[in-house]
Amino acid sequence: MNPTRLFVGNLSYRTLENDLHDYFSQVGVVTSVNIMFDRVTGKSRGFAFVEYATPEEAARAVEQLHNREFQGRTLTVNIARPREERAPRSGGPRSERGERGGRGWR
């Protein structure tokens with residue numbers, strides 16, 4: 001686990017990386033900001049990762065910014081956990097005509 005990397009959730013879908021950088025810089029030196037986007041739609045997924053220069057700054061950010069309002073939303077801010085390995089997702093069953101699920105168009 002990286003003690004300088006924060007998970008920031010419940011973001012407005014209009015939040016930009018510069019917005020987060022400026023807001024989180026109030027607490028310490030921000031080294032990176034990465035908003036997560038959907039691969040298909042290209043739209044924000046409503047969460048990001050913010051990384052600080054030191055673990056102390058990251059801990060202070062969690063203490064000061066968790067449950068605070070930002071752009072009309074109450075943020076979730078905590079130390080980021082390592083990504084859990086997941087089994088590959090399948091597309092689900094398909095009928096002969098290509099519809100998903102067992103009850104296709106009739």
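This is a predicted model: local features need pLDDT of at least 70, side-chain atom pairs count only at pLDDT 80 or more; totals for chains, interfaces and linings use all residues.
Biologist: Which strands make up the open sheet, and in what order?

Modeller: The open sheet has four strands in the order β2-β3-β1-β6, and their pairing is antiparallel. Its edge strands are β2 and β6, the latter covering residues 76–79, and each of these pairs on one side only. On average, and with direction ignored, neighbouring strands of this sheet are turned by 20° against each other.

Biologist: How many bridges join β2 to β3?

Modeller: The antiparallel strands β2 and β3 are joined by six bridges. Within that pair, Val30 stands opposite Tyr52 of β3, and Val33 stands opposite Val50 of β3. The hairpin of β2 and β3 has six residues between the strands, and in it Gly42 takes a positive phi near 80°.

Biologist: Where do the helices sit, then?

Modeller: Helix α1 lies across β1, β2, β3 and β6, and it runs at about 140° to β2. Helix α2 also packs on the sheet, where it touches β1, β3 and β6, and its direction makes about 155° with that of β6.

Biologist: Which residues of the largest nonpolar core touch the most other members?

Modeller: That core has 19 residues, and those that touch the most other members are Leu20, Phe24, Tyr52, Leu65 and Leu75. At least two core residues come from each of β1 (5–9), α1 (17–24), β2 (30–37), β3 (44–52) and α2 (55–65). As a general background, nonpolar side chains in soluble globular proteins tend to be buried together.

Biologist: Take Leu75: what is it in contact with, leaving aside neighbours within four places in sequence?

Modeller: With those neighbours left aside, the contacts of Leu75 include Val8, Gly9, Asn10 and Leu11, together with Tyr23 and Phe24. Leu75 is also in contact with Leu65, His66, Asn67, Arg68 and Phe70.

Biologist: And over the whole chain, what share of residues is buried?

Modeller: Buried residues make up 30% of the 106 residues in the chain. As for the contacts with a separation of 6 or more, 59% are accounted for by residues 24 or more positions apart.

Biologist: What about Gln71, where is that?

Modeller: Gln71 is in the loop between β4 (69–70) and β5 (73–74). Gln71 has a positive phi of about 55° without being a glycine, and at 39% relative accessibility it counts as partly exposed.

Biologist: Changing topic, what volume does the largest pocket have, and what lines it?

Modeller: The largest pocket has a volume of about 950 Å³. It is lined by 18 residues, of which Met36, Arg45, Phe47, Arg83 and Arg86 are the closest to its centre.

Biologist: Which elements give two or more residues to that lining?

Modeller: Those elements are β2, β3 and β6, and the largest share of the lining, three residues, comes from β3.

Note on methods:
Residues are numbered from 1 along each chain as its sequence is written. Side-chain values use heavy atoms; hydrogens and water are left out. A nonpolar core is a set of buried Ala, Val, Leu, Ile, Met, Phe, Trp, Tyr and Cys residues joined through side-chain atoms within 4.5 Å. Buried means under 20% relative accessible area, exposed over 50%, partly exposed in between (1.4 Å probe, protein chains only). Contact means heavy atoms within 4.5 Å. Two strands pair if DSSP finds at least two bridges between them. Axes are lines fitted to C-alpha atoms, for helices over the stretch in contact, and angles run from 0 to 180 degrees between N-to-C directions. On a 1 Å grid over the protein atoms alone, a cavity is a set of points where a 1.4 Å probe fits but cannot get out, and a pocket is an open set with protein on both sides within 12 Å along at least five of seven lines; lining residues have an atom within 4 Å of a point. Grid points are joined across faces, edges and corners, and a volume is the space filled by probe spheres set on the points.
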